[in-house]
Amino acid sequence: MSRFVAAIDQGTTSTRCMIFDHSGQVIAFDQREHQQIYPQPGWVEHDPDEIWQRTRAVIRAALQRSGLSARDLVAIGVTNQRETTVVWNRYTGQAVSNALVWQDTRTASLVEELTRVGGQDRFRARTGLPLATYFSGPKIAWILDHVAGARAAAEAGDLIFGTIDTFLTWWLTGGPRGGVHVTDVTNASRTMLMHLATLEWDEEILGVLGIPRAMLPQIMPSSTIYGYATDLLEGVPVAGLLGDQQAAIVGQTCYTPGEAKNTYGTGSFLLLNTGTTPVASRHGLLTTVCYQFGDAPAVYALEGSIAITGALVQWLRDNLGLITSAAEVEALASLVEDTGGIYFVPAFSGLFAPYWRSDARGVIVGLTRYVNKSHLARAALEATAYQVRDVVDAMEQDSGVRLSALKVDGGMVANNLLMQFQSDILNVPVVRPTVSETTALGAAYAAGLAVGFWQHLDELRANWSVDRTWHPQMDATRRERLYQGWKQAVLRTF
């Protein structure tokens with residue numbers, strides 16, 4: 001009897017395949033990094049073919065490690081880096097360019113041009129999003145306008161668009177030989193092209209951006225059978241699609257309005273479940289779709305998106321050589337008791353929520369001869385916690401709900417120093433679950449629900465358990481003094 005669900009977690013820096021049992025425990029996994037391509041300052045690209053090949057490799061390795069075959073899987077779910085944009089030929093599978101990653105800022109001039117008519121919130125009432133380089137719509141327009149022959153091919157019906165969930169699902173279900181061209185409501189809500197109320201592509205916005213409707217995938221729920229896999233997973237239903245941050249909130253079982261989670265990855269993303277009615281933000285947050293299970297109504301969320309958190313640790317490793325692995329940053333930072341008075345604001349791709357300043361650039365404030373590499377490492381970690389505080393403050397103002405605790409997940413939650421400082425600067429408990437890789441777990445839950453492997457949400461809630469909780473230990477005076485210093489440092493980035 002088949003007893004397992006697989007999930008593909010395709011992130012900004014790596015791809016994983018994880019296999020889960022009915023209790024939500026990891027049976028086996030494999031993970032592989034892919035290349036980060038920086039052709040110019042502000043440009044960030046991935047090779048779509050490399051991502052697909054990494055996906056095939058991790059599926060094969062996870063099956064081998066578990067001793068399972070495709071026949072042992074009831075379903076597979078896909079979760080993905082959101083907004084990252086791929087345009088490819090529907091007949092050959094060949095991408096017309098590298099993928100434009102969500103961090104990429106090359107569309108800044110187009111966004112400025114669009115902002116001149118109607119301001120930054122021109123489409124916010126319909127999409128829940130401000131005009132920003134972050135989202136997929138302007139990236140599609142850029143590809144059509146700057147890749148030779150792309151617009152003509154798109155208008156002829158030869159090219160299709162997808163975020164990474166769409167691209168992988170198309171290949172998993174056959175690619176040029178019958179692959180399904182679909183996305184789910186969560187990923188569609190990050191394109192700046194979907195109307196939040198109707199959950200359909202917005203024809204007026206498509207017209208403004210010059211994007212042919214025929215390029216776009218069909219929008220479907222987050223949990224349903226989209227098609228059946230071929231090749232390594234022959235016959236397995238592809239049944240769950242969720243953007244990575246929405247997958248994490250599903251994996252964290254935040255199914256009740258008012259529940260929130262924060263994921264610490266390349267960037268960090270705080271989501272608050274707001275129920276079946278979209279809540280407009282007045283304080284720089286995004287209104288987005290949280291999930292939609294089958295025929296049930298869509299559930300919405302408020303989101304605070306932070307561009308650079310874990311990526312800052314990678315920068316210390318890859319650009320400065322201060323550490324040789326990301327895990328070393330905690331030990332280095334622990335050699336000092338504080339940052340020596342410095343703040344590091346990592347506005348490498350501008351600042352996202354709640355500022356939305358694409359013109360911001362990174363700064364280190366307060367340098368003296370006293371500062372050494374340990375202070376720099378500690379400031380890099382504290383920058384993550386401060387940015388989360390910015391978002392939490394905005395979320396509390398928008399929702400009127402005071403955060404009582406923060407559920408956390410993602411790679412950085414293994415860093416105990418960061419988690420303690422996060423609790424201190426928020427003045428609330430920070431709670432890490434037993435299974436911290438909740439992004440993949442959420443995709444598995446969505447897929448398993450679609451095929452009846454799990455029958456209802458209470459089964460999923462029963463799987464969730466606490467690994468560790470951090471409680472605030474900082475006095476209020478010091479907390480506010482440090483945070484006000486951070487706010488001053490942010491102003492230096494503009």
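Me: Ground rule first: two strands pair if DSSP finds at least two bridges between them. What kind of model is this, and how are residues numbered?
Reply: It's a predicted model, where local features need pLDDT of at least 70 and side-chain atom pairs count only at pLDDT 80 or more, while totals for chains, interfaces and linings use all residues. Residues are numbered from 1 along each chain as its sequence is written, and side-chain values use heavy atoms, with hydrogens and water left out.

Me: And the helix and strand labels, where do they come from?
Reply: They are DSSP runs, numbered from the N terminus: helices are H or I with at least four residues, strands are E with at least two.

Me: OK, what's the order in the open sheet of 7 strands?
Reply: E17-E18-E16-E15-E21-E22-E23, with mixed pairing. Strands E17 (286-291) and E23 (466-470) are the edges, each pairing on one side only. On average, neighbouring strands here are turned by 30° against each other, direction ignored. For such angles, axes are lines fitted to C-alpha atoms (for helices, over the stretch in contact), and angles run from 0 to 180 degrees between N-to-C directions.

Me: Which way do E21 and E22 pair, parallel or antiparallel?
Reply: Parallel, over 2 bridges, with E21 at residues 406-409 and E22 at residues 430-433. Lys407 has Val431 in E22 as its bridge partner.

Me: Which strands does H13 lie across?
Reply: H13 lies across strand E15 (260-264), E21, E22 and E23, running at about 55° to E23. Contact here means heavy atoms within 4.5 Å.

Me: How do H12 and H13 cross?
Reply: The axes of H12 (residues 373-399) and H13 (residues 416-426) come within 9 Å and cross at roughly 40°. That makes H12 oblique to H13; the classes are roughly parallel under 35 degrees, roughly antiparallel over 145, roughly perpendicular from 65 to 115, and oblique for the rest.

Me: How many bridges join E1 to E2?
Reply: 6 bridges join E1 (residues 4-10) to E2 (residues 14-20), and the two run antiparallel. Asp9 stands opposite Arg16 in E2.

Me: Aromatics next: how many pairs?
Reply: A search of the whole structure finds 25 aromatic pairs. Rings of Phe, Tyr and Trp (its six-membered ring) pair if their centres lie within 6.5 Å, with planes under 30 degrees apart stacked, over 60 edge-to-face and the rest tilted. Trp52 and Trp171 have ring centres 5.8 Å apart and planes at 20°, so that pair is stacked. Trp52 lies in H1 and Trp171 in H6 (residues 164-172), so the pair ties together parts that are 119 residues apart in sequence.

Me: And how do H1 and H6 cross?
Reply: Their axes come within 11 Å at roughly 60°, and H1 passes H6 in a right-handed crossing.

Me: What does Thr92 contact, beyond its neighbours within four places in sequence?
Reply: Trp171 and Pro176. Thr92 sits in the loop between E6 (86-89) and E7 (99-100).

Me: Which peptide bond is cis?
Reply: Ala353 to Pro354, with omega near -5°. Pro354 is in the loop between E19 (343-345) and E20 (363-365).

Terms used
Left-handed = near helix turned anticlockwise from the far one by under 90°.
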